[in-house]
Each structure stands twice: as C-alpha cells, then as structure tokens.
Amino acid sequence: MKKVIYKTENLSKSFSSGGRLQHVLKNIDLELYQGDFTVIMGASGAGKSTLLYALSGMDVPSLGTITFGKQVISDLSQDGLSVFRREHCGFVFQQIYLIDSMSVLDNVLCAGLLVCRDKKALLRRARELFQAVGVNEETQRKFPTQISGGEAQRVGIVRALINAPDILFADEPTGALNSQTGLDVLNTLTKFNEQGQSVVMVTHDMRSACRGNRILYLKDGAILGECSLGRYVHGDEKRHEKLSAFLTEMGW
Ligand SMILES: Nc1ncnc2c1ncn2[C@@H]1O[C@H](COP(=O)(O)OP(=O)(O)OP(=O)(O)O)[C@@H](O)[C@H]1O
C-alpha cells in the first residue's frame with residue numbers, strides 16, 4: 001500500500017485584488033503518495049501553480065490544513081516554512097535563477113551547504129547527480145551565462161536534488177526549452193522518479209504529463225477528476241490515448 005506523504009483538508013486560497021476577493025482554491029481534499037509522479041493539469045488560471053505553492057510552503061493557504069507526514073505545515077510561521085522547504089522540498093521551475101557570479105558546481109554546492117556542512121559528501125553527491133543528468137566536469141566549471149538552456153535546466157534539477165528532498169516540485173519545467181532539450185529534462189525527471197523520488201509537476205503539455213503515473217485535473221480551483229496511468233513505459237501509445245481521453249472528458 002502506498003504511503004501518504006501529503007494530505008490537504010479543505011485547502012482554500014483567496015486573493016484580494018482591486019477590492020474583490022478571488023477564490024482560487026476551493027476546499028481541496030487531497031492525498032499525495034510517496035514515490036508517485038503526480039501531475040497537475042487544468043486550464044490557464046485554474047489554480048495549478050497556486051496549489052503547488054501552497055503544498056510546497058511557498059505560500060500559505062487562506063483556510064484549511066496541509067499535513068506533510070505528521071507535520072501540519074499550514075500552521076508554520078514564515079521562518080518555519082523556509083526550514084520546511086529547505087529540508088524537504090526541491091524546486092524546478094521554468095525560470096532557473098542560477099547565480100551568474102558562481103560556477104555551475106558552486107551554484108549546486110551553495111544550495112547543499114544550506115542543509116549539510118559536509119562539503120566532501122556534498123561534492124560526492126553533486127558529482128553523482130551531474131553524471132546522472134549528463135552534465136560533464138567542463139560544464140560544471142562554467143558560469144551560468146556560458147551554458148545552454150537545456151544544460152541550465154539540468155543544473156537546476158541537480159540543485160533541486162542536492163539535499164535529497166522528500167519531494168520535488170516542478171512547475172512547467174520544460175516550458176522554456178526546445179523539443180529535444182525538453183525531452184532530456186523529462187527523461188531525467190522520469191529516471192529519478194524510477195529511483196523512488198516523489199515528484200509533483202504542473203504542466204499544460206501532454207508529452208510532459210504522460211510521464212506521470214497519476215494525473216489530477218483542476219478546474220476553477222477544485223479537483224474535477226483524476227486519472228491513473230501506471231508507471232511510465234517508453235513508447236507506450238496507449239498511455240497517451242488514455243490521457244487524451246481523460247482530458248477530453250474533463251473538457252480540456
Ligand atoms: N499573488 C496573487 N495575487 C492575486 N491573484 C493571484 C496571485 N496568484 C495567483 N493569482 C490568481 O489566481 C488565479 C490562478 O492562478 P494560477 O497561477 O494558480 O493559475 P494556473 O492554473 O497555474 O495558470 P497558468 O496555467 O496560466 O499558469 C489567477 O486568476 C491569478 O491571477
């Protein structure tokens with residue numbers, strides 16, 4: 001039986017803009033499981049990123065609770081949330097925000113040193129991760145402005161994983177990449193997930209979504225439905241058809 005890592009109850013988020021309250025997430029009850037590659041889909045404005053930010057402690061809900069393991073993260077202060085993010089979460093976004101004045105390797109080590117003081121152990125893990133994503137030593141010595149978008153995104157994945165997070169959050173990780181480099185990034189995420197890494201990814205892209213084993217469809221701030229695709233198998237056309245049929249049913 002799968003282990004629940006996240007549980008939300010009545011999770012709601014509202015924003016006030018122009019004197020009007022916009023209810024973006026509406027009473028979401030959700031469980032996420034360890035080892036899953038969960039994908040969140042839905043139309044633009046459905047609340048996907050807002051849900052991801054709430055789960056990852058980057059933002060706080062207006063109402064409801066979010067429990068991670070036994071910890072109620074929706075009760076944490078801003079300081080508590082930053083410790084939670086640092087210790088448990090990894091982030092991969094469309095924008096990578098590497099520090100331009102540091103080498104690729106130092107960008108990764110710097111993120112690791114926030115959690116672990118053992119530089120030798122960090123270096124070992126960084127080298128393993130760089131090898132896994134296909135970023136060689138020459139590229140590791142370069143500065144962010146000297147590498148391609150695809151390389152930068154793979155460095156971003158290494159940085160996100162350097163602290164061995166319990167969960168990796170990805171928001172449109174291939175959104176700014178061309179088709180081949182996007183595919184490399186998806187293969188990298190799939191590989192880590194096969195090794196047990198839990199992933200939650202927001203995407204509009206069918207090809208990316210096909211990598212997930214569980215697809216949630218968000219509409220107007222509520223989960224309208226979900227689809228189970230099973231573990232990713234390369235070249236499985238039925239998977240694409242199943243996802244496509246599900247999305248059609250959801251009104252995608
Ligand atoms: N900080 C904020 N202040 C005010 N409104 C916000 C804020 N963040 C999000 N919203 C609003 O919440 C709604 C949902 O935004 P969100 O980014 O979660 O949608 P999304 O489903 O991820 O959309 P997209 O696919 O276009 O990225 C939008 O109408 C957006 O304008």
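Start by selecting H4 and H6, two helices that cross in a right-handed manner (the near helix is turned clockwise from the far one by less than a right angle). Helices here are DSSP runs of H or I with at least four residues, and strands are E runs of at least two, numbered from the N terminus.

Before going on, note that this is a predicted model, where local features need pLDDT of at least 70, side-chain atom pairs count only at pLDDT 80 or more, and totals for chains, interfaces and linings use all residues. Residues are numbered from 1 along each chain as its sequence is written.

Back at the crossing, H4 (residues 119–133) and H6 (residues 149–161) pack at an angle of about 145°, with axes 10 Å apart. Axes are lines fitted to C-alpha atoms over the stretch in contact, and angles run from 0 to 180 degrees between N-to-C directions. Show Ala126, Leu129, Phe130 and Val133 of H4 with Arg154, Ile157, Val158 and Leu161 of H6, which make the contact (C-beta atoms, placed from the backbone, within 7 Å).

Now colour H6 by burial: 12 of its 13 residues are buried, so the helix is largely enclosed by the rest of the structure (buried: 20 or more other C-beta atoms within 10 Å of a residue's own, all placed from the backbone). Gly150 and Leu161 are among the buried residues.

Finally, select the ligand. Around the ligand you will find residues including Phe15, Val24, Gly42, Lys48 and Thr50 (C-beta atom, placed from the backbone, within 6 Å). Helix H1 supplies the largest share of this shell, three residues.

How values were computed. Two residues are in contact if their C-beta atoms, placed from the backbone, lie within 7 Å.
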